[in-house]
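Reader: Got a new model open here. Can you walk me through it?

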Amino acid sequence: MTLTAILPTLRASIPDPLAAGAWPADTRATTTDLVVDGMSLHCLALLCGTPCAHTADAGEPAVVVTAVVDTTTTHDGRRLLVLDDGLARPGGATWSELRLLGRASVARLVPTVVCDPDKVPLAEVPLPADIGAADLLGVPCAGAAVRAGARAGSSVRTGRPS
């Protein structure tokens with residue numbers, strides 16, 4: 001457990017730590033963004049739309065930026081986030097590293113089920129309780145997990161899934 005998980009208000013002044021092996025080598029966190037090879041993922045999503053991907057050199061993880069299209073709570077009280085697409089199946093995303101982009105949240109972490117556009121559950125991860133529709137999220141993925149149109153192997157390549 002990190003200090004920012006225990007005291008969520010700290011997320012406004014210090015970024016959540018990154019698991020170094022899960023992200024491309026030149027990735028750094030800020031309080032509101034992730035910067036990969038000098039490219040802001042928040043800006044990448046604003047320029048290209050979502051889903052989009054930042055692909056790194058061969059052998060390094062790619063990063064998919066996706067938007068929340070809907071939030072809901074199930075009858076048994078579970079919180080669901082429905083994402084726009086961008087990940088090929090069966091997966092390869094490091095869901096424990098899922099990050100909010102574009103703003104710092106000081107809300108407490110709650111167990112959240114992340115779903116694809118068809119509401120098929122992808123993972124359950126702790127996320128800030130105030131994440132909602134239109135929020136941007138970034139997740140590191142094995143290159144094979146990124147859909148065609150956002151192929152791994154180039155410095156930056158974006159696109160909608162085909």
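Author: Start with a term. A disulfide here is a pair of cysteine sulfur atoms within 2.5 Å. Keep in mind that this is a predicted model.

Reader: OK. How many disulfides does a search of the whole structure find?

Author: Zero, with the whole structure searched.

Reader: Is cysteine 52 buried or exposed?

Author: Cysteine 52 has a relative accessible area of 2%. The cut-off for buried is under 20%, so cysteine 52 counts as buried.

Reader: And cysteine 115, buried or exposed?

Author: Cysteine 115 is buried too, with a relative accessible area of 1%.

Reader: How many residues line the largest pocket, and which lie nearest its centre?

Author: The lining has 30 residues. Nearest the centre are Arg11, Asp16, Leu98, Arg99 and Leu109.

Reader: Which elements give two or more residues to that lining?

Author: Helix H1 (3-6), strand S7 (99-101) and strand S9 (121-128). S9 gives the most, with four residues.

Reader: What is the lining like by class?

Author: It has 17 nonpolar residues, seven polar and six charged.

Reader: Now the strands. In what order do S1, S2 and S3 sit in their sheet?

Author: The order is S1-S2-S3, in an open sheet of three strands. The pairing is antiparallel.

Reader: Which are the edge strands?

Author: S1 (27-29) and S3 (39-40). Each of these pairs on one side only.

Reader: How many bridges join S1 to S2?

Author: Three bridges, and the two strands run antiparallel. S2 covers residues 34-36.

Reader: What is the bridge partner of threonine 27 in S2?

Author: Valine 36.

Reader: Last topic. Where is alanine 19 found?

Author: Alanine 19 is in the loop between H1 and S1.

Reader: What is the relative accessible area of alanine 19?

Author: 34%. Buried needs under 20% and exposed needs over 50%, so alanine 19 is partly exposed.

Reader: How far apart are alanine 19 and serine 96, in sequence and in space?

Author: They are 77 residues apart in sequence. In space, alanine 19 and serine 96 are 9.3 Å apart, C-alpha to C-alpha.

Notes: Residues are numbered from 1 along each chain as its sequence is written. This is a predicted model: local features need pLDDT of at least 70, side-chain atom pairs count only at pLDDT 80 or more; totals for chains, interfaces and linings use all residues. Side-chain values use heavy atoms; hydrogens and water are left out. On a 1 Å grid over the protein atoms alone, a cavity is a set of points where a 1.4 Å probe fits but cannot get out, and a pocket is an open set with protein on both sides within 12 Å along at least five of seven lines; lining residues have an atom within 4 Å of a point. Ala, Val, Leu, Ile, Met, Phe, Trp, Tyr, Cys and Pro count as nonpolar, Asp, Glu, Lys and Arg as charged, and the others, Gly among them, as polar. Two strands pair if DSSP finds at least two bridges between them. Buried means under 20% relative accessible area, exposed over 50%, partly exposed in between (1.4 Å probe, protein chains only).
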